[in-house]
Amino acid sequence: VQLVESGGGLVQAGGSLRVSCAISGGTFSTDVVGWHRQAPGKQRELVVTINSAGRITYGDSVNGRFTISRDKAKNTVYLHMNSLTSDDTGVYYCKARLKRSNSGYYQEYWGQGTQVTVSS
């Protein structure tokens, strides 16, 4: 299973950005998928997740500025970020808890991350 993020880059404060996470590598059932981020010198933190029932969980730092969506047909999850500030700068990681069709248990997978830099 591979999680590949894309769409990161440089954006001005107050702007918006969308990053994507494409999941590939066979047939699988997804329990939870979402985004975490890590700012320089800080621990990785939860941004937002969505589970198989569509329930969304937000991290404390999002404050309603970010949303998550998914395209099941494309096995792709999106993070929509609005009203960005310099505090949102960091590496954004996609994480998924899923079960492959030939497996009886769920595992967690991480992407390699995509850099988001917000200039003030």
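Q: What does contact mean in this structure, and what share of the contacts with a separation of 6 or more joins residues 24 or more positions apart?
A: Contact means heavy atoms within 4.5 Å. In this protein, 53% of the contacts with a separation of 6 or more are between residues 24 or more positions apart. The model is predicted: local features need pLDDT of at least 70, side-chain atom pairs count only at pLDDT 80 or more, and totals for chains, interfaces and linings use all residues. Residues are numbered from 1 along each chain as its sequence is written, and side-chain values use heavy atoms, with hydrogens and water left out.

Q: How many helices and strands are there?
A: Helices (H or I, at least four residues) and strands (E, at least two) are DSSP runs, numbered from the N terminus. Here there are zero helices and 11 strands.

Q: How does the radius of gyration of the protein stand against the globule rule?
A: The radius is taken over C-alpha atoms, and the rule is 2.2 Å times the number of residues to the power 0.38. The protein has a radius of gyration of 14 Å, close to the 14 Å that the rule gives for 120 residues, so it is as compact as a globular protein of that length. Along the principal axes, its C-alpha atoms fill a box of roughly 50 × 25 × 25 Å.

Q: Which strands pair with S3?
A: Two strands pair if DSSP finds at least two bridges between them. Strand S1 (residues 2–6) pairs with strand S3 (residues 17–24) in the antiparallel sense over five bridges, and Leu-3 stands opposite Ile-23. S3 is also joined to strand S8 (residues 76–81) by six bridges, again antiparallel; there Val-19 stands opposite Leu-79.

Q: Is Trp-35 buried or exposed?
A: Buried means under 20% relative accessible area, exposed over 50%, and partly exposed in between (1.4 Å probe, protein chains only). Trp-35 has a relative accessible area of 0%, so this residue is buried. Its place is in strand S4 (residues 28–38). Trp-35 and Tyr-58 are 23 residues apart in sequence and 9.6 Å apart in space, C-alpha to C-alpha. Across the protein, 39% of the 120 residues count as buried.

Q: Why does His-36 count as buried, and what is His-36 in contact with?
A: His-36, also found in strand S4, counts as buried because its relative accessibility is 14%. Leaving aside neighbours within four places in sequence, His-36 has contacts that include Arg-44, Glu-45, Val-91, Tyr-92 and Trp-110.
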